[in-house]
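Please have the sequence and the model open side by side before you read on. We will walk through the fold one region at a time.

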Amino acid sequence: MRPNTGPLILLAATLSRAVSAHDHHGANMNFDTGQPIGAVLKLHILLMTVAFGVLFPVGLVLGLRKSKWHVPVQSVGGVLAIIGFVLGHAHGGRAFKDNAHSKFSWFMLWLLVGQLGAGIYLKLHTEKRFNDVVRPYIRIAHKGMAIAMVVTTYVQMLLGVVAWLGYCYDGYLGQCLAHLIMGSSFLAYGVWLLLLVRLASPWLNSFGRSPELYDSAMIMVWGLFNTFTEHGFIEPAHGWSHKDLQHTSMGVIWFCGGLLSTYMLRKAGPKERSMFPSIILMFTGCAMAAHEQETAFSTKVHFVFGLSLVLAGLTRCIEIMLLTTGLIRSDTKEPNPFQYIPVFFLCHSGVAFMSANAESVTAIGNMGIDIGTFSLGYLSVSFLLFFYAYFMMQLYAELGKRSDKDVALPTAADGTVYQTVGQQDIEMSVGSGAPARAPGDSHVLFDADDDYVNASDSDDGDAIQVRHARASRGSRPSDDIELGSLHSN
């Protein structure tokens, strides 16, 4: 059975006609019309925020964990996104200049159509002839588009805020892009470290490399890029200002420091760490804290950004020292609370740097807001973004614990014993730590991650705690999970 693509084609044609009749994003429109944001546009913002900011990311996590709620959540998100897209191109009230947000929305639309279309195809379970060959690639594309949508959603929302405020026009494009890209880079760096601290550290260690090797390589490449793009890359440059010199010099130090750290860690294992990436952050923060600006308020804003970077680098150095000396254990299921501190300061430095663009600082300064109120406001935004990232990772972890309890594994005809990570029902020997098997029971699941019961807690030191779990066959070959055999004596 083939998926019916007629509705998708009809939907695309309808949206094209609706948008072609709408001219609120034309190049000849004036942003400063004095008109308020209309109810239709507010509803557009609300629906798109709920769909792309909440439902689709949650649906991605549910899909990765193979939850039954994945399809309903994604379906509701798709409906809200389509309605929001139409409203965004059919609103009245305030008109906007030609902007990247409205243009990028078309890419978001087709990415959404492709992702939902791939999901519908997979849900139909067509595995005959040609479909049997194509299905694995469709599954990879479906997952890839879902992950890409998280990144593109962030970009689109950022562009939406820029369009709403009317920034990045009339000679401000270069510095606006610099602040948004670099700020987003620091924010992404913080989210990456949070992912390692919360979930992905064992996966990354499986590659046999030092965690700082990846940081160092990223810093080196980014420094090389910044060295040649900070002066006259976006807009024509007229001489070298002190800002151009300082921005370019920071690119140079990132490249040189990243090159040194990358070379030192080229053969290092997961247990070998380096503080050089953190030191680079600290020097960058010191330079930005002393970065002179046109106004005193802008200088203070850059000082707050630099201070956040210095604190991120300093606390990261302390974390590495505690890990290498054994004062913080890296083999525990829950990270040490201190490990979240450098992650948060990195996220906050990204938010602070994005807020430090010239137009934003000028507008806030003209409103009479002091640096304390400004800093607390953006600190609140940093807390919200950190909460959002942590919530998604925690949801992934909690769903993993629940799915491990109900996982069904295929049995083998020859009596092979299988193991799966995180299985709750186990059979094990308390006295020796070796897996035990009851007579006549040849299919037992073993959990290597479950907590062993101390033999001293039992009256009989050789007592065996037994919790049997019968293995059953999976419903579909494509649903099998990776297994490893456990050989018993």
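Leaving aside its neighbours within four places in sequence, which residues is T248 in contact with? The partners are T227, E230 and W240, where contact means heavy atoms within 4.5 Å. T248 itself is found in helix α8. At 12% relative accessibility, T248 counts as buried; buried means under 20% relative accessible area, exposed over 50%, and partly exposed in between, with a 1.4 Å probe and protein chains only.

A word on how to read all this. The model is predicted, so local features need pLDDT of at least 70 and side-chain atom pairs count only at pLDDT 80 or more, while totals for chains, interfaces and linings use all residues. Residues are numbered from 1 along each chain as its sequence is written, and side-chain values use heavy atoms, with hydrogens and water left out.

Now step back to the whole protein. It has 13 helices and four strands; these are DSSP runs numbered from the N terminus, with helices being H or I of at least four residues and strands E of at least two. Of the 489 residues, 40% are buried. Among contacts with a separation of 6 or more, 78% are between residues 24 or more positions apart.

Next, look inside. A nonpolar core is a set of buried Ala, Val, Leu, Ile, Met, Phe, Trp, Tyr and Cys residues joined through side-chain atoms within 4.5 Å. The largest such core has 35 residues, and F186, L194, L281, F305, L346 and F386 have the most contacts inside it. Helices α6 (173–205), α8 (242–264), α9 (276–289), α10 (296–324), α11 (340–355) and α13 (371–406) each supply at least two of its residues, and the largest share, twelve residues, comes from α6. To see how the pieces meet, select L346: not counting residues up to four places away in sequence, it touches F186, L187, Y189, G190, L193, L281, L309 and A312.

What about the cysteines? C168 and C176 form a disulfide, with their sulfur atoms 1.8 Å apart; the rule asks for a pair of cysteine sulfur atoms within 2.5 Å, and the count comes to one. C168 is buried at 15% relative accessibility, and C176 is buried at 2%. C347 is buried at 3%, whereas C256 is partly exposed at 44%.

Finish at P211, in helix α7 (residues 211–229). P211 is buried, with a relative accessible area of 11%. Leaving aside neighbours within four places in sequence, P211 is in contact with L204, N205, P270, E272 and R273.
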